[in-house]
Protein chains: 2
Amino acid sequence: MAFDSNVKIGVLGGGQLGRMMIQSAIDFNLDVHVLDPDPNAPCKNISTSFTNGSLTDFDTVMAFGADKELLTIEIENVNTEALKELQKQGKKVFPQPEVIELIQNKLHQKQFYAKHGIPTAPFHEVANAEEVKAKKDFLPFVNKLATGGYDGRGVQAIRNEEAMDKAFDAPGFVEEMVDFEKELAVIVARNEAGEMKTFPTVEMVFHPEHNLVEYLFSPAEINSGIEEQAQKLAKEVIEKLDMVGLLAIEMFLTKEGKLLVNEVAPRTHNSGHQTIEGNVTSQFEQHLRAILNWPLGDTTTLWPSAMVNVLGEDGFTGDAKYEGMSEVIAKSGVHVHLYGKKLTKPFRKMGHITVSDQDMNELREKVNFVKSTLKVKA
Amino acid sequence: MAFDSNVKIGVLGGGQLGRMMIQSAIDFNLDVHVLDPDPNAPCKNISTSFTNGSLTDFDTVMAFGADKELLTIEIENVNTEALKELQKQGKKVFPQPEVIELIQNKLHQKQFYAKHGIPTAPFHEVANAEEVKAKKDFLPFVNKLATGGYDGRGVQAIRNEEAMDKAFDAPGFVEEMVDFEKELAVIVARNEAGEMKTFPTVEMVFHPEHNLVEYLFSPAEINSGIEEQAQKLAKEVIEKLDMVGLLAIEMFLTKEGKLLVNEVAPRTHNSGHQTIEGNVTSQFEQHLRAILNWPLGDTTTLWPSAMVNVLGEDGFTGDAKYEGMSEVIAKSGVHVHLYGKKLTKPFRKMGHITVSDQDMNELREKVNFVKSTLKVKA
C-alpha cells in the first residue's frame, strides 16, 4: 500500500493500547475510530470518533465496521464472525479474524504449536475438573482455561493433589510446569508484503501474587545464541499463522537453555511499551505500519529501558491520586504514561512508567525507586 | 505544585505546537482545552474541548479562560489584556502576559536586550519608511517591523540604496546585518520554583528564499566554549524576563565568535521539534512541566537528530498528497510528524520529519534524501 493517510481505521477496543496507538497515529494524520463497551474508555477523548458498544455482539461490530476501510483490534475478545463478514465485504481486517479466533482459545493455540512443530511445554486437553483431577501423574502442572482467561485469570498452578480441589471445571488443558530460567517476550511485525521485523527480546518479571507483568527489562540479559533463537522463533510463529499485524510471543527460557512458546497475543502488548522511548520505532507505530502495509520501522534499541506497571494500590478504590509522582519524574530518563482512568481499584492498570538508562545497574536502581515511591491511592 | 493531573489547562492557539503538546499531555492524563480561530485547526480532534474563536478578541479570550485554572499559549499573537485580567482573577498564566506583550513587539524586545546588557546586533528605531531611508550610513541592514511579523514576514534585508524603496512604512527598526558564521537556537525552561534547564544548542539552516527554518541539526557543531556561552545566555534571558514556561532563543554566532540574541519566542518552537526523538525529554513535555511547576526533565541528547520542515510544494493547492513518503519512512531513524492539515498551499508547514543517526555524516545524507524525496502535492 502506498502511503495514504486517508484510510478510515476502526479499532475494536478503546483501552490503553488503543490510546497509545492513537498517540502514534496522530503523527501520520490517521483517523482512528474506536468501539468500546466502556463509555469512559481511555481512547474516548482522543479518537476521531468513539462508539460505545459491545465488542462481542455481532450486530454492533458489523455496524461499527460498515463505514471503515481497515479494522484492527487492541483486545482479542471480539466478535470474529462479524470481522469475517466485514472481510468478505472487501474490508481489510488485520490481524485476520481466523488468527484472532485461534488465539482466543488457548487450547487451540497449544494444538497449533504442536501441529506446526513450534516448541511449547507438554500438555493434555481436559474437558472439566474431573479430567484435571485424573492427571495426578502429570503433577505439578498449570491448569489453563481454553477461553475467558485474561491478565492472569483463567490460569492457575496446581502443585500437589490437595490443590486439585480448585481445578477449573471447564474445557482447557493442563500443562507441564516449566522450571524456567527466565520469561522472555519477542514482538514481531509482518505486513501484507511479507516484510517481517522483530523487536529485541525483553525479559519479564512477574508479580509473585497477581500473575501480571510487574516490570520488564529490554534488552533481555541473554546470550546472543538465545537471542537469535528467540527472534527466529517469533518469525516462525507469525509466518505459520500467516498473520499480518503485530504479534507478541511470550516464551520460557528453560534451565536447559531451551525456548518454549508460552502464549501469544496478536496485537500491541504490555511487553512492548518501553519501545516508545527505548527503541527507534515504537510497537504502536510498528503496528500501524504493518496493518497499512507500509515499510516496517527499525526496531534497534536506543538505550536499555524498563517498563514498570502502575497498578492501583490494594485497599483503595476511588478517584486516583498519584503519590510520589513528583519525586519519580524528577529522575532522569523516567517517562510517565497514564491511561486516562479516573477511578483506581486494587491492582487496576492505571499506567506505566518507562525508565531508561545506559547503565543496567542504574536502571535497576531507578526501577526500584519508582516501584517503592509511586503509589496510586484514592 | 505537587503532581496533579486535574488541572484544567487552556491553550490559546490550536496549531501544530498545540497538537504536539497535547500528544505529550495525554501521557499525564492532562485535560487540554483549545481556542483557535480556524475551525479545522490541527488540535481540533484531539483536544479535550475545542473552541472556535479569535485569539485577539478580549471577550473571546475572557470567556475561554473563565473556567480554566492554567492558561498558556502556542502563538504570541493573543490578547494580553484579557490574559492580564484572568491572571488578576487568580488564574495561572504562563508565560506571563507581560512577557508575551513585550515579545509581541520586536522593537521592545531589542530595547529590552539593550537595557539588560544582553548582546544583540546594533539597531536604530524607525517610525516609517522615511526614517528607514534616512539611515543610509547604516547600510547594509535588516528592516524589521515592530509588530505583525511572523514566519519570515515583516523582516527584510536592505543591502543598498536602491533596495530602500521597499522599506516598511510602519514602526520598527533597522538592525546591523550580522555577518554570521551560524544561526543557533537554545530552548530554556523555567518553572515557578525557579528551576531552569536548557536543551543542547541546535544549529539552524534557513531556506535561502523563504526565510523559514528549512532544517536544523542537534546538537550544533560548535566548540564547548561557545556551547557553554549559549546555554548561559539563554538562562540569562529567561531570568531577566522573569518568565515561567519555555523560551526559544535564536542567536547569531558571528565570525568573530560572539553570540548575539536575534529574537525569542516564549513557547515551544520549531527549533525544538527534534527533541521528541532526539532528547531524553521533549520540549513539549518540558513546557508542561514548567507551567505546572513540576520538576523539569533531563534534556540530554540521546542521538544526533535533524528536523526537516515538510512544506507544501510551490504550485500546488488542494488536498495534500505525500509523494515519496513510503521511501522516506523505509529509512531507519526517520520519524514523521504530520500536522493534521488537509489542505496544502505553497510553502505551508504541513509537518516535519525528524531524522536521527549516531553518525553526523549519515545524518546529513538522510536529510538530503528526505528533502529530495518527499514532496507535498495536491
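**Helix 11, chain A.** I began with helix 11 of chain A in this predicted model, and I found that its 14 residues, 360–373, reach 20 Å from the first C-alpha to the last, close to the 20 Å expected at 1.5 Å a residue. I then listed its buried residues, which are Met360(A), Leu363(A), Lys366(A), Val367(A), Val370(A) and Thr373(A). Because these cover an arc of only 155° around the axis, I place them on the same side of helix 11 of chain A.

**Helix 11, chain B.** I repeated the look-up in chain B, where the 14 residues of helix 11 (residues 360–373) should span 20 Å at 1.5 Å a residue, and I found the end C-alpha atoms 20 Å apart, which agrees. The buried residues that I listed in helix 11 of chain B are Met360(B), Leu363(B), Lys366(B), Val367(B), Val370(B) and Thr373(B). Their arc around the axis is only 155°, so I put them on the same side of helix 11 of chain B. For the face turned away from that buried side, I wrote down the exposed residues Asn361(B) and Glu365(B). Asp359(B) caps the N-terminal end of helix 11 of chain B, with a side-chain oxygen 2.8 Å from the backbone nitrogen of Asn361(B).

I looked up the unreviewed UniProt entry, whose "binding site" annotation covers several residues, among them Lys144(A), Val178(A) and Asn262(A). I located Val178(A) in the loop between strand 9 (172–176) and strand 10 (180–190) of chain A. Is Val178(A) buried or exposed? I count Val178(A) as buried because its relative accessibility is 15%, and the cut-off for buried is under 20%. Not counting residues up to four places away in sequence, I found Val178(A) touching Ala121(A), Phe252(A), Thr254(A) and Leu260(A).

I next turned to Asn262(A), which lies in strand 15 (residues 259–265) of chain A and is buried, with a relative accessible area of 9%. Leaving aside neighbours within four places in sequence, I listed the residues in contact with Asn262(A), including Tyr113(A), Lys144(A), Glu175(A), Glu183(A) and Phe252(A). With Lys144(A), I found a polar contact of 2.9 Å from side chain to side chain of Asn262(A).

**His273(B).** I placed His273(B) in the loop between strand 15 (259–265) and helix 8 (275–278) of chain B, and I noted that it counts as buried at 1% relative accessibility. I found a polar side-chain atom of His273(B) 3.4 Å from the backbone oxygen of His269(B), and a polar contact of 3.2 Å between the side chains of His273(B) and Gln283(B). Not counting residues up to four places away in sequence, His273(B) touches several residues, including Leu17(B), Phe284(B), Tyr339(B) and His352(B).

**Chain A overall.** I counted 11 helices and 22 strands in chain A, and I found that buried residues make up 60% of its 378 residues.

Technical notes:
Residues are numbered from 1 along each chain as its sequence is written. Chains are lettered from A and ligands numbered from 1 in the order in which they are written. This is a predicted model: local features need pLDDT of at least 70, side-chain atom pairs count only at pLDDT 80 or more; totals for chains, interfaces and linings use all residues. Side-chain values use heavy atoms; hydrogens and water are left out. UniProt positions are given in the numbering used here, feature names are shortened, and annotations may be inferred rather than shown by experiment. Helices (H or I, at least four residues) and strands (E, at least two) are DSSP runs, numbered from the N terminus. Buried means under 20% relative accessible area, exposed over 50%, partly exposed in between (1.4 Å probe, protein chains only). Contact means heavy atoms within 4.5 Å. A polar contact is a pair of N or O atoms within 3.5 Å; within protein, one must be able to donate a hydrogen and the other to accept it, and residues adjacent in sequence count only if both atoms are side-chain atoms. The expected span of a helix is 1.5 Å times one less than its number of residues. The arc is that of the directions from the helix axis to the C-beta atoms.
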